[in-house]
Structures are given as C-alpha cells and as structure tokens.
Amino acid sequence: AEKVQKYFSRLMGVEVAVEPTRNAWQVEILVSAEHKHDFVARETGPTAEAAMDLCAHKIEQQLRRYKERVQDHK
C-alpha cells in the first residue's frame with residue numbers, strides 16, 4: 001500500500017481490506033486524496049498476494065490518470 005505514495009503524494013489515507021471467500025481472496029483498497037477525491041479498487045484472486053497485486057495495479061492506474069488530469073488543468 002505504500003507504493004501508491006510515489007504516484008500521488010497528496011494522499012490523506014489508505015485502507016486495505018482483505019477477505020477470504022470460499023475459493024479465493026478478495027482485496028479492496030480505498031485511497032482518499034485531498035479535496036474529497038476517493039479512489040476504490042476491488043479484486044479477487046486465488047491468493048491474497050495475487051489479489052493485492054491486481055488491486056494495487058488498478059489503484060496505480062486511477063492515481064496516474066487523476067494526477068495527469070490535475071497537472072493538465074492549466
């Protein structure tokens with residue numbers, strides 16, 4: 001979860017929820033940035049690590065797009 005700091009430095013909080021299901025693991029990452037922007041990613045995988053990697057990739061994409069939008073605003 002600390003990896004998301006390098007994509008966008010103005011984060012207020014990061015929450016990670018890991019939940020085992022019948023045959024898989026479900027991971028949810030909630031990231032809140034300043035100015036009331038929240039990012040959510042949910043992913044399911046065979047192991048907790050695999051689901052976390054997929055979920056982290058989704059959050060990274062969202063943060064990259066948001067950062068580009070904010071920087072190109074001018």
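Visitor: In which element does Val18 lie?

Guide: Val18 lies in strand β1. The model is a predicted one, and every value quoted below is computed from it. Val18 has a relative accessible area of 44%; since buried means under 20% and exposed means over 50%, Val18 is classed as partly exposed.

Val18 also belongs to a surface feature. Together with Val14, Val16 and Trp25, Val18 forms a nonpolar patch on the surface, and the four residues present about 290 Å² of accessible area together. The element that gives the most to this patch is strand β1, which spans residues 11-20 and supplies 3 residues.

The setting of that strand is as follows. The protein has 3 strands and 1 helix, in the order β-β-β-α from the N terminus. The protein contains 74 residues, of which 27% are buried. Its accessible surface comes to about 5500 Å², and carbon and sulfur atoms account for 48% of that area. When contacts between residues at least 6 apart in sequence are considered, 28% of them join residues at least 24 apart.

As a general point, side chains of opposite charge can pair when their charged atoms come close. The count of salt bridges here is 2.

One of them joins the side chains of Glu28 and Arg42, with an N to O distance of 2.5 Å. Because Glu28 lies in strand β2 (residues 25-33) and Arg42 in strand β3, this pair ties together parts that are 14 residues apart in sequence. Glu28 counts as partly exposed, at 22% relative accessibility. Arg42 is likewise placed in the partly exposed class, with a value of 48%.

Another salt bridge is formed by Glu43 and Lys58, whose closest N and O atoms are 2.9 Å apart. Here Glu43 lies in strand β3 and Lys58 in helix α1, so the pair ties together parts that are 15 residues apart in sequence. The side chains of Glu43 and Lys58 are also listed as making a polar contact, at 2.9 Å. Lys58 is partly exposed, with a relative accessible area of 34%. Glu43 has a relative accessible area of 19%; because the limit for the buried class is under 20%, Glu43 is counted as buried.

Neighbours within four places in sequence being set aside, Glu43 is in contact with Trp25, Gln26, Val27, Ala51, Leu54, Cys55 and Lys58. Trp25, one of these contacts, is a member of the nonpolar patch that includes Val18.

Cys55, also among the contacts of Glu43, lies in helix α1. Cys55 is buried, with a relative accessible area of 0%. Residues up to four places away in sequence being left out, Cys55 touches Val27, Glu28, Ile29, Ala41, Arg42 and Glu43. Glu28 and Arg42, both in that list, are the partners of the salt bridge with the 2.5 Å distance. Ala41 is 14 residues from Cys55 in sequence, and the two C-alpha atoms are 5.8 Å apart in space.

A search of the whole structure finds 1 aromatic pair. Phe39 and Tyr66 form this pair in an edge-to-face arrangement, with 5.3 Å from centre to centre and 65° between the planes. The pair links distant parts of the chain, Phe39 being in strand β3 and Tyr66 in helix α1 (residues 48-71), 27 residues apart. Both partners, Phe39 and Tyr66, are buried.

Finally, His57 is another residue of helix α1. With 42% relative accessibility, His57 counts as partly exposed. His57 and Val4 are 53 residues apart in sequence, yet their C-alpha atoms are 9.4 Å apart in space.

In summary, Val18 is a partly exposed residue within a nonpolar surface patch.

How values were computed:
Residues are numbered from 1 along each chain as its sequence is written. This is a predicted model: local features need pLDDT of at least 70, side-chain atom pairs count only at pLDDT 80 or more; totals for chains, interfaces and linings use all residues. Side-chain values use heavy atoms; hydrogens and water are left out. Helices (H or I, at least four residues) and strands (E, at least two) are DSSP runs, numbered from the N terminus. Buried means under 20% relative accessible area, exposed over 50%, partly exposed in between (1.4 Å probe, protein chains only). Contact means heavy atoms within 4.5 Å. Accessible areas come from the Shrake-Rupley method with a 1.4 Å probe; for residues, only the protein chains shown count as cover. A polar contact is a pair of N or O atoms within 3.5 Å; within protein, one must be able to donate a hydrogen and the other to accept it, and residues adjacent in sequence count only if both atoms are side-chain atoms. Rings of Phe, Tyr and Trp (its six-membered ring) pair if their centres lie within 6.5 Å; planes under 30 degrees apart count as stacked, over 60 as edge-to-face and the rest as tilted. Patches are made of residues with over 30% relative accessible area and no salt bridge: like charges are joined within 9 Å, nonpolar side chains (Val, Leu, Ile, Met, Phe, Trp, Tyr) within 5 Å.
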